[in-house]
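I opened the model today and kept short notes on what I looked up. They are in the order in which I went through it.

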Number of protein chains: 2
Amino acid sequence: MLSFSSQYNVITSPLGDGLHKDGKRLTPQRLKVLNLFENIGSGKHLSAEEVHEKLVKSSSKVSLATIYRTLRLLVQMGLLHELELSEGGHRYELLSNDNPDHHHLICIRCGRTEEFENEEVLKAGKVAAKINGFKLIESSLNVRAICPNCI
Amino acid sequence: MLSFSSQYNVITSPLGDGLHKDGKRLTPQRLKVLNLFENIGSGKHLSAEEVHEKLVKSSSKVSLATIYRTLRLLVQMGLLHELELSEGGHRYELLSNDNPDHHHLICIRCGRTEEFENEEVLKAGKVAAKINGFKLIESSLNVRAICPNCI
DNA sequence: GAGGAAAATGACAACAATTAACACAAGGCT
DNA sequence: AGCCTTGTGTTAATTGTTGTCATTTTCCTC
């Protein structure tokens with residue numbers, strides 16, 4: 001039977017490359033988490049708990065602790081983006097090239113989120129950082145609102 | 001000895017007025033929390049735990065549970081503003097007239113925050129809400145960055 | 001000013017989200 | 001194949017926050 005490494009090493013995934021550079025390892029769990037985000041599309045925002053549920057459902061059991069560890073790792077690697085909605089914990093989304101810099105419109109009642117882009121916002125962040133001598137990491141505009149269904 | 005109510009009722013504080021309209025009551029604890037924010041100035045952002053510490057230090061003991069309850073109340077009343085910095089819990093700041101609509105530049109290393117205003121950002125939030133049929137509550141731009149001291 | 005209904009407080013239990021510890025398993029070098 | 005190091009799962013601990021409930025307080029009415 002094929003071992004895990006012989007099955008995947010040949011493909012030299014971007015994930016594998018990124019990990020190996022740092023002495024970190026490509027594991028099935030890490031792949032599963034990243035694949036989940038890739039399959040689900042780049043507009044979705046999942047909590048750690050939701051990632052866990054979805055993986056359990058697809059009979060890919062990954063422990064919750066590992067999911068937390070993996071999410072943090074993938075954020076550090078720049079593959080995922082973490083966003084904090086005031087209500088109930090952190091969410092994660094895939095950071096892909098065709099979904100570059102965007103902001104979120106969040107319904108505070110049902111949690112529905114819509115994305116939008118805005119050049120001015122990006123600029124505002126840059127200017128503020130420069131004026132204060134900060135090194136910019138990212139700027140995210142969170143618009144808290146109530147969606148049509150919840151009004 | 002003067003009772004609490006006879007000591008303060010005459011002043012008819014804005015806090016008292018706002019509370020009484022709703023059948024809610026003016027208590028020394030609520031005054032202490034609000035006073036703390038007023039004394040500390042409107043550019044500061046405190047966590048519930050920090051509010052608790054400061055009140056204990058000034059020998060004004062208010063229980064932590066009450067602080068959480070009071071902070072939520074003051075936010076609902078529009079006297080405080082709640083902001084969520086990704087790192088470590090919620091922060092609260094005084095919402096005063098001379099410090100209207102502003103955004104935050106946050107150092108992810110030391111937590112230092114600077115404020116700035118930007119009309120375009122405000123507009124961006126409005127537009128996004130309108131396009132999607134959402135009812136806007138507030139839009140806040142959080143710029144995550146590293147401050148000069150931490151670089 | 002006293003009496004009483006309604007609301008608020010404090011102390012503490014309960015919770016949810018997240019992290020730490022550690023024994024065991026697995027990845028990736030040679 | 002074998003070894004060293006990193007990663008995983010399990011479970012316990014921590015943190016931030018909320019619920020419960022008995023006791024205390026506010027504030028309205030007389």
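This is a predicted model: local features need pLDDT of at least 70, side-chain atom pairs count only at pLDDT 80 or more; totals for chains, interfaces and linings use all residues.

**Entry 1: two helices of chain B**

I looked up how helix 3 (residues 28-40) and helix 4 (residues 48-57) of chain B pack. Their axes are 11 Å apart and the angle is about 95°. Angles of 65 to 115 degrees count as roughly perpendicular, so I wrote down helix 3 of chain B and helix 4 of chain B as roughly perpendicular to each other. From helix 3 of chain B, the contact uses Lys32(B), Val33(B), Leu36(B), Phe37(B) and Ile40(B). Helix 4 of chain B brings Val51(B), Lys54(B) and Leu55(B). I sorted the residues of this contact by type and got six nonpolar, two charged and no polar.

**Entry 2: around DNA strand D**

I then sorted the residues of the surface near DNA strand D: eight are charged, eight polar and seven nonpolar. Three helices each supply at least two residues of this surface, namely helix 3 (28-40) and helix 5 (64-76) of chain A and helix 5 (64-76) of chain B. Helix 5 of chain B gives the most, with four residues.

Next I listed some atom pairs between chain A and the strand.

- Arg25(A) has a polar side-chain atom 2.4 Å from a base oxygen of DNA strand D.
- Gln29(A) has a side-chain N or O atom 2.8 Å from a sugar or linking oxygen of DNA strand D.
- Thr66(A) has a side-chain N or O atom 2.8 Å from a phosphate oxygen of DNA strand D.

**Entry 3: Asn142(B)**

Is Asn142(B) buried or exposed? I found a relative accessible area of 11% for Asn142(B). Buried means under 20%, so Asn142(B) is buried. Asn142(B) sits in strand 5 (residues 135-146) of chain B. Leaving out residues up to four places away in sequence, Asn142(B) touches Glu138(A), Ser139(A) and Ser140(A), and also Glu84(B), His104(B) and Ile106(B).

**Entry 4: a serine in each chain**

Most residues other than glycine have a negative phi. I looked up two with a positive value. Phi of Ser59(A) is near 50°, and Ser59(B) has a phi of about 50°. Ser59(A) lies in the loop between helix 4 (48-57) and helix 5 of chain A. Ser59(B) lies in the loop between helix 4 and helix 5 of chain B. Ser59(A) is exposed, with a relative accessible area of 66%, and Ser59(B) is exposed, with 66%.

How values were computed
Residues are numbered from 1 along each chain as its sequence is written. Chains are lettered from A and ligands numbered from 1 in the order in which they are written. Side-chain values use heavy atoms; hydrogens and water are left out. Axes are lines fitted to C-alpha atoms, for helices over the stretch in contact, and angles run from 0 to 180 degrees between N-to-C directions. Angles under 35 degrees count as roughly parallel, over 145 as roughly antiparallel, 65 to 115 as roughly perpendicular and the rest as oblique. Contact means heavy atoms within 4.5 Å. Ala, Val, Leu, Ile, Met, Phe, Trp, Tyr, Cys and Pro count as nonpolar, Asp, Glu, Lys and Arg as charged, and the others, Gly among them, as polar. A polar contact is a pair of N or O atoms within 3.5 Å; within protein, one must be able to donate a hydrogen and the other to accept it, and residues adjacent in sequence count only if both atoms are side-chain atoms. Buried means under 20% relative accessible area, exposed over 50%, partly exposed in between (1.4 Å probe, protein chains only).
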